[in-house]
Amino acid sequence: MTEPHRHRRRRGRGGRRRWILAGIAAILLLLIATGAALAAFRYLPAVDEARSLRTDLERMVDRATEAGLGLDRPTLTALDADAETARAKFVRLQDLLTGDPLVALARVLPPSHDAVAGADAVAAAGDALLDAADAGLVLADRYVTIKERQATVTAGAGEGSALAQLVELMATGRDDVDRALAAVDRATAALAAAPADLPGPLAQIRDLISERLGAYGPVLRAYGDVDDTLPGILGWDEPKRYLLLTQNPAELRPTGGFIGSFGTITFDKGRITERAFQAIELFDLPLDDPFVTPPPALERYLLGTIYPWQLADANWSPDFPTSALDAMSLYDNQEGPGPIDGVLGITTDTIDELLAITGPVTVPDYAVTIEAGETMLKALQNTRVSTEPGTNRKVFLSAFADRLFDALLALPPGRWTDLAARGEAFRAGRLLLAWFADEAAQREMERLGFDGAMRTEPGDYVYPVDSNVSPASKLNAVTDRELDLDVQLDTVGNAVNDLRVHWTNRIESPEAEPYRVLPGLETFTTLGMYFRLYVPERSRVEAVSAGTTSQITAPADVEDELGRTVIANYFRIPPGEANLRYRWTSPYPADVGEDGIATYRLTIQKQPGLRPGPLKLRISLPPGATLIDASPGLVVAGTTATVETTFDRDIVVVVRYRPAVEAP
């Protein structure tokens, strides 16, 4: 009887122990739940404060974006007030998150840990963004001050004053830019550290701030890159002197047109301390400089063996860095060695874009006013009024350039936004080309797309280049060009290209009459054309045909240049229509990836100065292939992708396809 009693006593103690442990656990769970509930109750204001802070930051970004370069004092005052309000809310949020004991408890409890960690991340991101805003507002205040001063400037007064102040702002504001960039990086890192599975409100805040960082972070970084180089380009560290080539697309050459006039311009801390323009013919004549032999095609089709290679024809290469170096060398040969820190190329189309911003420019001495769209014709009309030897027919251009510079330097602040908005037109249309001796500055031009270089991306490549040669004329002003390109991909990745080029010389049309009556041009009705086609290296010419004043059945020149194969022919285009057809094979531009998908990429580069014209493109897949996808804008029908567009900028298209599976 004794032994069973002892067993019962043991079982009783064990049962009581389990009940005690269960009770303790229940009490702990109750305490945790109560603590979590209380912490969550305290955490809710943090969510509301973070949401409100997000709204403030959104409002600041929207206000600044809407203002852009048009930022004025009232908008800046409103931005300052927005920042002050946001900072006050952030301080309250930060105090709650760092000083409240219940929030501290919530931070360690599993039910609310992620939510509080998310609030911490949003708070850290908000703090960083406000630091970035503070740095931006410092720069903005100086910028608005410059605008207010410029508003009182009249044309011709205080040459370069606003430009000089903007250069100073960029040069001395680098620390503020770096501070803003560092703050954006901190905000990005803070949001990246937030738990992935956040409660709804915090997830929305995180996503919206991440979206803003993704949109404006790169813009700020791009400004930082420009800020590193632009002050130096404009002479902040030391004066910089540039050779400015003014090219006339009416007489088309590879980088934009015949160099009818040129100038030198010097910047010293953003101030223009030298600007001198002159006619090219007075610079090139008499022919008493050391003789420079022209490139073979230029000698063969324009200059002959008598005339040397001079600055007027420096831009024979379609690669602007190459032509810029040639221009510097030829300038030194004629002028003597001197400090040239870079070469700039513009065309009459560039001037038209500037006149659209400045408004019409009047040259009083000539009683001539030029509006946007009139530069080419009025420049010709006012530079062909005298043919007497030794007369500077183009002195008008110097007077016009001076007036245009004055108008640009005195541009009202309200038009700065318009000038910036045309930046893409200048880049895409190659209306401004720049080469700098400074390597960092040149890398920035390459990044921004103002270098005018021949493109080197992998894949297929087509660059058709027109050159107006003997009999040299201004007929490109009234000549249109159309392109029709068929691309047939084969089963091993080659591309068989068939290009048809169609020109229409409209010199006898009614609208061409202003050009027909120009002094010295009345008898020029036939366009002398040296056409070059740049394609991938090692391309194989299959066929050439053309019919104008004579039949063409083979290329006149086939050679390698700048990592490309160039196919070329000279022919004449009389009034009316002319055609040229090239057929060639590009070696293996279609690349098959490890997934078995083939990618074909085609770049068609646009020549500066060329009048925009129609372009038709058809890309046909190999037999049995299946199209996967194609670039936006391409119209897909079965195994063919097509596009019809205006060729006014570079075109890059990509098609992806699955090749046919070979039978075993």
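A crossing of two helices is left-handed if the near helix is turned anticlockwise from the far one by less than a right angle, and right-handed if clockwise. In this predicted model, local features need pLDDT of at least 70 and side-chain atom pairs count only at pLDDT 80 or more, while totals for chains, interfaces and linings use all residues. Residues are numbered from 1 along each chain as its sequence is written, and side-chain values use heavy atoms, without hydrogens and water.

The crossing of helix 11 and helix 13 is left-handed. Contact (heavy atoms within 4.5 Å) is made by Ile351, Leu354, Leu355 and Thr358 of helix 11 with Phe400, Leu404, Ala407 and Leu408 of helix 13. The geometry of this pair is tabulated below.

| Item | Value |
|---|---|
| Helix 11 | residues 348-358 |
| Helix 13 | residues 395-409 |
| Packing angle of helix 11 and helix 13 | about 45° |
| Separation of the axes of helix 11 and helix 13 | 10 Å |

At the start of helix 16, a side-chain oxygen of Asp438 comes to within 3.2 Å of the backbone nitrogen of Ala440.

Ala162 belongs to helix 5 (residues 161-172) and is buried, its relative accessible area being 5%. Setting aside residues up to four places away in sequence, Ala162 touches Ile146, Gln150 and Trp416.

Terms used. A polar contact is a pair of N or O atoms within 3.5 Å; within protein, one must be able to donate a hydrogen and the other to accept it, and residues adjacent in sequence count only if both atoms are side-chain atoms. Helices (H or I, at least four residues) and strands (E, at least two) are DSSP runs, numbered from the N terminus. Axes are lines fitted to C-alpha atoms, for helices over the stretch in contact, and angles run from 0 to 180 degrees between N-to-C directions. Buried means under 20% relative accessible area, exposed over 50%, partly exposed in between (1.4 Å probe, protein chains only).
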